[in-house]
Amino acid sequence: MRLLVLCTDAYGGHGGIALYTRDLIEALASHPRVDEVVAIPRVIRGALETPPPNVTFVAGAARNAAAYFAAVARYARRPFDLVVCAHVNLLPVARMLRRKTLLMIYGIEAWKPARRGAALVDGVDGVASISEITCDRFLNWSRYRGPSFLIPNAIHLERYAMRERSAALAARWGLGDGARVLLTLGRIVAAERYKGFDEVIEVLPSLPDDVVYLAAGSGSDLPRLVAKTRALGVAGRVVFTGHIDEREKTDVYNLADVYVMPSRGEGFGFVFLEALACGVPCIGSRHDGGREALRGGELGLLIDPSSQAELRTAIADVLAEGRREIPPGLAYFAYPNFESRVHSTLDELT
Amino acid sequence: MCGIAALFAYRDAAPPVDRGELEAITERMRPRGPDAGGTWLSPDARTGLGARRLAIIDLSPDGDQPMSDAAGELHIVFNGEIYNHAALRARLQRLGVRFRSMSDTEVLMELYRHDGERMIELLRGMYAFAIWDARERRMFVGRDAYGIKPLYVADDGATFRAASTVKALLAGGRVGRAVDPAGAAGFFLTGSVPEPFTIFEAVKPVAAGTSFFVDGRGLSAPRRFYSVAATFARGRDQETIADLVTPSVLLRELVVESLQYHLVADVPVGAFLSAGIDSSTLVALTREAKHAAPRCVTLQFDVHRGTDADEAPLAERFAREIGAPQTTRLVTREEMLADLPRFFDAMDQPTIDGTNTWFVSKAAAESGLKVAISGVGGDELFGSYPSFRDVPRTVRVNRVPPLGAVAARVMRNPKARYFTLGRTWAGAYFLKRGLFMPGDLAPLLGRDAAEEGLQRLDLLRRIASALDPDPGTPFGRVATLEATMYMRNQLLRDTDWASMAHSLEVRTPLVHGALLRQLAPLLLAKGAECKRYFGESPRPPLPEWLRNRPKHGFGVPLAQWMGLEADGTSTRMRSWAKVVWERYVSG
């Protein structure tokens, strides 16, 4: 069996979708009936990781739009058993290939009708979603009524660990020994205000003075948040870390006493899995995919992100409990289970 | 759901709490709670609590009130429902608390013990409660965000008294009955007595969305934990969130969540069903949430049968289409007249409303229901009243003074000469909702009472204070005013006494502090379009014939039935107000 994956980014990519797509490609490639996976990326931002031997990663397609379409045209002439369209924005390209197509959906890009080719979703042969909430919201606007599959994010547990706070990072960001640290990781841009940075900052004044907030990320909305911390009198308790290097991520998580993200726009919330894999207790939202990353409350506390009282109380309760552990239930998202779900999906479609 | 009473002789010089008074107050509320009742007096007789219970959650005697903890440190009376009591209980259990019952009343008590006064911010429900804290020798009192459940207090500077109804407080015999001119003026100006007044000088309502303590020094200043205006103002900062999800989908998710809270009960929950979008959508969403439609009750009035004003055939058709068991209850003039004495006896404060709820609650109780959900609040939430169009227009026109003056001259209604009041939002709202105008009150109340009443009432300032902080948009301002004026003072209050008179608990899934918080960004972004999205939210959406019919009000044919005099209005509510006043003050 030969599979074609059209993706925005994967190897050499940053962020959740790139990571998910790398895992997806590798899981597809490991299926016993798969001979080859060809992956054509739209962008490459950094150094390329090494794909499995039976994966052809067409890095040249990411040079520019012309190179991308040339690569698609070249591979369109070859036989493929399935096209995996790894983002709804690429569906117009995927549908031109007139092959059996599996569409991957993640979050806000699928919660409302696609800007381009909303009608194109009608004709796909399968839809795989990282969360039930994304699938449900997608089915509400689309006319698609074919098979749907749930394939949540995978966590490679071996890449994370629960360990002592990094003295170097603590010193870098001025975290004293007695500081109790709240952490949120994410892009700080206006389009992603749904992440919940505002909500955590707003509740900080009602928490004890030794509670500090590590807002880990960068982006154009930073000045607004900085101004908010000053207006609320908590500027000395909020650290804006800037961009986090992947190599430091585990140490960053291990600085935290609580990972908190009272969001409204997460399709899933992979960051929760990362935090849990470092033994950090989590607080997420009941109103987006975060509730599925925390397995309906089994792996963490779920709150109404619009309620300051619930957020404050949840933070206080978790800090008071002071417990760190890697919950056994996290294994539900371990990569082997992800791989198994991908294989089942492939078996059903081909 | 209950009637509650709390007495606290907080000054040393105050006489001890009189058990007879406590029992008289509690007994007056028997229809609110026919299932059980009782009183509790502290060993030193300085504090007394009373309750009548309508058993809805934990039907066993374990849920009876007044309730005390095992150590005798905390004692509580509570009217209402805490819909998230299971989650709150689970949290407290994780923290080591052991419960003796499955009652939400006990959860309230233990939550107070653990979290103190901030516990009220965690509650989802409708409630009014008083907790006697024997350790601190103080009483903690609170009322829900919107004021769905009532609580009235009388404080003579030595003894604090509280009860679920004004008439119950008076039944104790120790609270003065002097009519408050401000309350009387407010009734004639607006059709109900606007908070912070009641019809009696000695009695005041506990402000919605607040809590306070009573200790040896008296009542503390109330602490506000919820504000409709502030919720809208905050929603403006979150506009980007409004656009993440298709509006009908977001409405569906959040209203279903609210419904799931509001359907928590150990008895069947029915529904009031008209042919309106709000009640129909709630019934459809309930069917999805519970995999079964609720038992529905619809009113029909004899003089409406066969006319466009008759909603019953449409409600019946909708119920058939979605498989909901439904009863249409015909109400005749004869029944209205026969019920009037009981109706006015139950009417806790003068109001021009309440008749619809009286009869639909009566019908629901006759069908064996103890709980019903209502679509009240949908018009305020989704901007369906004409006020959402008319109030901003009045403000706009008056912003150009010559236009305002011209409009005042060409208008042909009793309010025309007051039109320029509408240059402020408060004035424009009063023009829209006002029943009588200030100049009309002297013949109704007497000149001195009218003057004093208007001065103390200071209605426009009070209306304006509801817009602090400024919700920021015309929609937000009108929505805030409708929720905190008309809905709070009239619809919710009248829903309470008129349903409780039939021992029926009415629940209001669209009147929910958390729901407004969650929806505020969308409401501000989409305004009155949200009503359409709401009708589209069930799967399948409401049928087009229902969604597209013009909005009708609930037409209790009072004018016809009561032979009301022409009064310059189409509804003759001014005449009805005079009838109500006459019956109330003479009763």
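The questions and answers below go through a predicted model with chains A and B, setting values against the definitions behind the words used.

Q: What makes up the contact between chain A and chain B, and how many residues does each chain give?
A: Chain A gives 18 residues and chain B gives eleven residues. On the side of chain A that touches chain B, the elements that give two or more residues are helix 4 (108–111), helix 5 (132–141) and helix 12 (308–321) of chain A. Sorted by class, that side of chain A has seven nonpolar, five polar and six charged residues.

Q: Why are helix 5 of chain B and helix 17 of chain B called roughly perpendicular?
A: Helix 5 (residues 181–190) of chain B and helix 17 (residues 447–457) of chain B pack at an angle of about 85 degrees, with their axes 7 Å apart. Angles of 65 to 115 degrees count as roughly perpendicular, and the two helices are therefore described in that way. Among the residues that meet are B:Pro181 and B:Ala182 in helix 5 of chain B, and B:Leu454 and B:Leu457 in helix 17 of chain B. By class, this contact has eight nonpolar, two polar and two charged residues.

Q: How do you know whether B:Arg532 is buried, exposed or partly exposed?
A: B:Arg532, which is found in helix 21 (residues 529–536) of chain B, has 17 other C-beta atoms within 10 Å. A residue is buried at 20 or more and exposed at 12 or fewer, so B:Arg532, with its 17, is partly exposed. B:Arg532 and B:Arg547 are 15 residues apart in sequence, and their C-alpha atoms are 7.5 Å apart in space.

Q: Why is helix 7 of chain B called largely enclosed by the rest of the structure?
A: Of the 16 residues of helix 7 of chain B, 13 are buried, so this helix is largely enclosed by the rest of the structure. Helix 7 (residues 247–262) of chain B reaches 22 Å from its first C-alpha to its last, which is close to the 22 Å expected at 1.5 Å a residue.

Note on methods
Residues are numbered from 1 along each chain as its sequence is written. Chains are lettered from A and ligands numbered from 1 in the order in which they are written. This is a predicted model: local features need pLDDT of at least 70, side-chain atom pairs count only at pLDDT 80 or more; totals for chains, interfaces and linings use all residues. Two residues are in contact if their C-beta atoms, placed from the backbone, lie within 7 Å. Helices (H or I, at least four residues) and strands (E, at least two) are DSSP runs, numbered from the N terminus. Ala, Val, Leu, Ile, Met, Phe, Trp, Tyr, Cys and Pro count as nonpolar, Asp, Glu, Lys and Arg as charged, and the others, Gly among them, as polar. Axes are lines fitted to C-alpha atoms, for helices over the stretch in contact, and angles run from 0 to 180 degrees between N-to-C directions. Angles under 35 degrees count as roughly parallel, over 145 as roughly antiparallel, 65 to 115 as roughly perpendicular and the rest as oblique. The expected span of a helix is 1.5 Å times one less than its number of residues.
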